[in-house]
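Please take a moment to look at the model from several sides before reading on.

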Amino acid sequence: MKCLNVEQIYLYLEKELSSAENNEIEQHLASCPKCKNAFEERKLLLQAAESLPLWEVPAELAKKVMARIDSAKILPSAWMKAAAAALASVSVTLLVIFLATGQNLSTLLLGVNNNLWNYIRNFLPILIKLFKLASLLFGVIRHFIGYLLKTFSWLAELASPQVQLTISIIVIILVAILIYGIKRKILVGEKT
Amino acid sequence: MSSLDEDKHFIERTIKGEKEAFELIIRKYQQSLLNYIGRMVGERELALEFTQEVFLRTYSSLQSYQPQYKFSTWLFKIASNFVIDFWRKKKIDAFSLDERENSSGQNPPLQVAADEKSIIQKFELSQLRIKIEDALKEIPPQLREVFIWRHINELSYEEIAEIKGLPLGTVKNRVFQAKELIRKVLEEKK
């Protein structure tokens with residue numbers, strides 16, 4: 001086995017490697033004084049880092065926070081805020097229509113209800129088809145992004161940031177050329 | 001009850017209006033949060049103030065907490081954003097890839113150097129701890145942050161990746177860079 005790299009030594013010390021990898025490293029350490037020395041040094045560094053003193057927490061810290069929490073409120077989550085905003089918008093719209101047309105509120109609501117029902121009846125089949133299409137598209141995009149992320153994570157583990165950047169730029173250029181080529185093909189097709 | 005279930009239980013009780021349940025959360029996480037914030041900002045008084053602020057911000061946002069994630073990673077995400085805001089207000093571009101990291105350029109060498117000096121072995125463990133504390137202040141905050149989480153707060157690489165929203169490989173690489181940079185600082189200051 002060739003000499004260890006430093007990252008391997010750390011991962012071995014942190015028990016992040018498989019048992020087969022651990023065995024290989026142990027065998028190498030037993031026969032290579034240079035790597036053994038590097039290993040002992042990193043071991044000491046981690047030992048010291050992992051036993052650094054804790055910052056002393058004042059006994060009254062929790063009480064101080066609790067005293068301030070008495071005047072604080074749990075804020076509504078983002079969707080609750082959105083729902084409140086939507087309700088407020090609908091109310092204001094209804095009020096404006098009521099003021100502008102002079103119709104009483106029940107007639108107005110009845111009219112809105114009828115119109116809404118007509119829209120739903122007409123557009124429901126289209127909506128269902130669109131929904132099916134969207135879910136299909138979403139599935140494809142999700143898989144594509146999944147593979148893309150896996151590739152990036154694999155790349156990040158293997159290559160340095162400079163190499164990653166170079167590969168990313170090359171891929172972007174290739175994709176741009178591909179899109180441009182497809183666009184040209186379509187345009188040529190349209191002309192003929 | 002597992003730690004994860006315990007956290008969810010405390011949060012549910014807090015949301016229902018039982019504020020005392022949140023005090024249990026504070027007591028559970030105050031030590032690790034102060035260890036992180038303290039070493040990120042470097043001053044005790046400021047660290048204590050920030051720790052309180054982070055707990056307050058967490059309390060106010062409890063409705064947004066998604067139980068499929070670990071509470072501790074969510075808490076550290078809030079703390080990390082808080083620290084980043086602090087650096088930004090101080091107009092320190094601390095969390096973009098830092099000058100020092102870029103100009104010194106490359107990642108630390110992967111191979112064990114042939115003439116590797118045993119700098120660290122010259123120190124007693126207690127001395128070494130003091131040296132590491134000093135060296136931590138000199139490495140870029142984005143490396144310091146992951147080092148603290150990994151080796152002081154003992155979070156897993158996966159948890160750190162979740163907090164920062166980064167690929168696992170990037171996190172492992174950053175922690176490695178942090179350790180080797182600390183070693184380099186120790187070597188320079190021997």
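B:Glu154 sits in the loop between α7 and α8 (157-164) of chain B, where helices are DSSP runs of H or I with at least four residues and strands are runs of E with at least two, both numbered from the N terminus. Although B:Glu154 is not a glycine, its phi is positive, at about 55 degrees. With a relative accessibility of 56%, B:Glu154 counts as exposed, given that exposed means over 50% relative accessible area, buried under 20%, and partly exposed in between (1.4 Å probe, protein chains only). A:Lys15 is placed in the loop between α1 (6-13) and α2 (19-31) of chain A, and at 72% relative accessibility it is exposed.

Before going further, please keep in mind that this is a predicted model, in which local features need pLDDT of at least 70 and side-chain atom pairs count only at pLDDT 80 or more, whereas totals for chains, interfaces and linings use all residues. Residues are numbered from 1 along each chain as its sequence is written, chains are lettered from A and ligands numbered from 1 in the order in which they are written, and side-chain values use heavy atoms, with hydrogens and water left out.

Chain A has 7 helices and 0 strands, so that reading along its sequence gives the pattern α-α-α-α-α-α-α. Of the 192 residues in chain A, 21% are buried. Among the contacts in chain A (heavy atoms within 4.5 Å) with a separation of 6 or more, 48% are between residues 24 or more positions apart.

How many disulfides are there over all chains? The count is 0, where a disulfide is a pair of cysteine sulfur atoms within 2.5 Å. A disulfide is a covalent bond between the sulfur atoms of two cysteines. The cysteine sulfur closest to that of A:Cys3 belongs to A:Cys35 and is 3.7 Å away, which is too far for a bond. For A:Cys32, too, the closest cysteine sulfur is in A:Cys35, at 3.7 Å, and this is again too far for a bond. A:Cys3 is partly exposed at 29% relative accessibility, while A:Cys32, at 12%, is buried.

Side chains of opposite charge can pair when their charged atoms come close. Over all chains the structure holds 18 salt bridges, each being a side-chain nitrogen of Lys or Arg within 4 Å of a carboxyl oxygen of Asp or Glu. One of them joins B:Asp7 and B:Lys28, whose closest N and O atoms are 2.8 Å apart. This pair links distant parts of the chain, since B:Asp7 is in helix α1 of chain B and B:Lys28 in helix α2 of chain B, 21 residues apart. B:Asp7 is buried, at 3% relative accessibility, whereas B:Lys28 is partly exposed, at 28%. Another salt bridge brings together the side chains of B:Lys164 and B:Glu145, with 3.0 Å from N to O. Because B:Lys164 lies in helix α8 of chain B and B:Glu145 in helix α7 of chain B, the pair ties together parts that are 19 residues apart in sequence. Here B:Lys164 is partly exposed, with a relative accessible area of 22%, and B:Glu145 is buried, with 1%.

We can now turn to the place where the two chains meet. The contact takes 66 residues from chain B and 54 residues from chain A. Between them the chains bury about 5,400 Å², 61% of it on carbon and sulfur atoms, where buried area is the accessible area (1.4 Å probe) that two parts lose on being put together, summed over both. Chain B and chain A are joined by 7 salt bridges, including one between the side chains of B:Arg150 and A:Glu16 at 3.4 Å, N to O. On the side of chain B that touches chain A, the largest share comes from α2(B), with 11 residues. The residues of that side divide into 28 nonpolar, 21 polar and 17 charged, where Ala, Val, Leu, Ile, Met, Phe, Trp, Tyr, Cys and Pro count as nonpolar, Asp, Glu, Lys and Arg as charged, and the others, Gly among them, as polar.
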